[in-house]
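The following note sets out points for a colleague who is reading the coordinates alongside the sequence. Each point may be checked directly in the viewer.

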Amino acid sequence: MISIPKEIQLQKATLDFLQSEQKMWIGGQQVLSQSGNTFPTLNPASGEKLANIPLANQADVDAAVRAARQAFEGAWSTKMNPAKRSRLIWKLADLMQRDLQILMELETLDNGKPLDKAKYDVLGSINHFRYYAGWATKIEGSTIPVKPGSLIYVRREPLGVVGLIVPWNFPLMMAAWKLAPALACGNCCILKPAEQTSLTALYLGRLIQEAGFPEGVVNVVTGPGLPTGDAISHHMDIDKVSFTGSTVVGRKIMEASAKSNLKKVSLELGGKSPNVVFADADLEAVKKSMLWSSFYNTGQECTLGSRIYIQRSVFEQLISHLQESAGALSLGNGLLSPDLGPLISEQQLNRVVGYIDQGLQEGAELLMGGKRCEGELESGYFLPPTIFKYREDNLKIVQEEIFGPVVVATAFDDYDEIVQRANDCRYGLAAAVWTNDISKAHRFAHDVKAGTVWINGYDLFDPAVPFGGYKESGIGREMGKSAIDLFTQEKAVWVNL
Ligand code: NAD
């Protein structure tokens, strides 16, 4: 029995789902793991167990791949009219909309995020499926005029069976970012959610069945990196792995591809994004944005502006405002819709606190936060917003991704200095610049090495706009037309007329 705050009434369907035996989806059937092994999924707001999740090993992954291969060669891929694929994806979005509240509640319980933020994630995921439902009928090839007497045309074909490995910070949304384009292109999928947050993926499996996708088109297997993720990345009959997660695991995915069948790999990895404010910016707009670009999702978001650079003349003003507004944020059980929920796990909390200790040892100045919450929040994995002020860019807390509610802030003097400092990092996922000087804004956007640049804004996304990383932040671009390229391959056909 899970404990729920007394002011909250969960949907009966949410409770029923939690109380049912959790099963994976393989070949359109709900199955336990072949070994019968399970692992617990916990509510990070309380540390309580929510459910036991099947632990898939090699044999389960093999079964999922067989089912996916059969579906690919059979009812799906190029054998199905793309308009029908489109309708199925749209229908899935409709079912998600119908079960919006259930999906929100499951995401909040499993991940800890506030319910209103979980709503944003589910709506964003629905939007993503709808966007790619439109693409299914618009994946075109080309003809190339090489010489008279010949016809050369290029087909864009699906890759086959694709492994989709996602992280815990936006569980449903990251699954949607991969599933939607993969399905629109005609691939069959093995989805593996992160072991901390399997519930919405398992519920999605149910909706995929209800929508009427042929058996085996989407398989959901659950389990940790070892053995489950590892079995996917090394599999000899998986054609591609699309991975979102840490840079450390991203390297392992590439290595597994090299050691197995050279499957295609796309990676969305870590970030340490610079949020750069010039003194001539609209400071009121900066103040509003910086709170959330620093601490949204309790800092567990790869694009957040975790390196803050402020031009010296306005540094103190902006940092004191950030301190004040961050100090006013409420923390608590996500079901009560506080501003911030807990970190995902005890392990993540300890990792983040380890970075804070390191920052103190390296001589950075702690302006606020830094210690695990006590009292009534003690049983969950709560850490308050934490701000460091620093001078030297070579500190570990400045260079490495912390993935918690911790930002580092420093002052800068001029343009050339800030471009050099913003780029002095092995990551290149995103960056923001705030200024009312239009030339400076665009110069910065061109000079900074990042896959996404926001000018006078932060964390803006749309399914139509490509997203991915420079440098060690990844390989490939998801979203928009770019994701169509990621999930298809070109075939050149030569006709001798
Ligand atoms: P993680 O790398 O530990 O795990 C991600 C996924 O990989 C999980 O499903 C996990 O089970 C699986 N995995 C772990 N070891 C594996 C292995 N050896 N083989 C195959 N799969 C394995 O990352 P996380 O801690 O879940 O997520 C946080 C990280 O994700 C952060 O670094 C964050 O920046 C990154 N992230 C990036 C983006 C992006 O779009 N660039 C988006 C969200 C999160």
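1. Buried, as used in this note, means under 20% relative accessible area, exposed means over 50%, and partly exposed covers what lies in between. By that criterion eleven of the twelve residues of helix 4 are buried, so this helix is largely enclosed by the rest of the structure. The model is a predicted one, and the points below should be read accordingly.

2. Helix 4 covers residues 100–111. From the first C-alpha to the last, helix 4 reaches 16 Å, close to the 16 Å expected at 1.5 Å a residue. The residue that follows helix 4 is Gly-112, with a positive phi near 100°.

3. Helix 7, residues 199–211, can be examined in the same manner. Its 13 residues should span 18 Å at 1.5 Å a residue, and its end C-alpha atoms are 19 Å apart, which agrees. Ten of the 13 residues are buried, so helix 7 too is largely enclosed by the rest of the structure. The buried set consists of Leu-199, Thr-200, Ala-201, Leu-202, Tyr-203, Leu-204, Gly-205, Leu-207, Ile-208 and Ala-211. After helix 7 comes Gly-212, where phi is positive and near 105°.

4. The ligand is surrounded by 29 residues, of which the closest are Val-166, Glu-195, Ser-246, Leu-269 and Glu-401. By class, this shell has 16 nonpolar, seven polar and six charged residues.

5. A polar backbone atom of Val-166 is 2.7 Å from an oxygen atom of the ligand. A polar backbone atom of Leu-269 is 2.6 Å from a nitrogen atom of the ligand. The side chain of Glu-401 places an N or O atom 2.5 Å from an oxygen atom of the ligand. Taken alone the ligand exposes 840 Å², and the protein buries 90% of that. The elements giving two or more residues to the shell are helix 8 (225–233), strand 10 (240–244) and helix 9 (247–259).

6. Helix 8 also contains Pro-227. The peptide bond leading from Leu-226 to Pro-227 is cis, with omega near 10°.

7. Two residues other than glycine have positive phi values and may be checked together. Ser-337, with phi near 50°, is found in the loop between helix 11 (312–327) and helix 12 (346–361). Its relative accessible area is 35%, so Ser-337 counts as partly exposed. Lys-471 has a positive phi of about 45° and is placed in strand 20, residues 470–471. Lys-471 is likewise partly exposed, with a relative accessible area of 35%.

8. A polar atom of its side chain lies 2.7 Å from the backbone oxygen of Ala-133.

9. Helix 5, residues 115–135, holds Lys-117 and Asn-127. Lys-117 is buried, with a relative accessible area of 15%, whereas Asn-127 is partly exposed at 41%. Lys-117 is 19 residues from Arg-98 in sequence, and their C-alpha atoms are 18 Å apart in space. Asn-127 and Ile-208 are 81 residues apart along the chain, and 16 Å separates their C-alpha atoms. Ile-208 is itself one of the buried residues of helix 7.

Definitions and conventions. Residues numbered from 1 in each chain as written. Predicted model: local features only at pLDDT ≥ 70, side-chain atom pairs only at ≥ 80, totals over all residues. Heavy atoms only, no water. Near = heavy atom within 4 Å. Polar contact = N/O pair within 3.5 Å; in protein donor to acceptor, adjacent residues only side chain to side chain. Areas by Shrake-Rupley, 256 points an atom, 1.4 Å probe, with all protein chains shown as cover. Helix = DSSP H or I, 4+ residues; strand = E, 2+ residues; numbered from the N terminus. Nonpolar A, V, L, I, M, F, W, Y, C, P; charged D, E, K, R; others polar. Expected span 1.5 Å × (residues − 1). Buried < 20%, exposed > 50% of the residue type's maximum accessible area, 1.4 Å probe, protein only.
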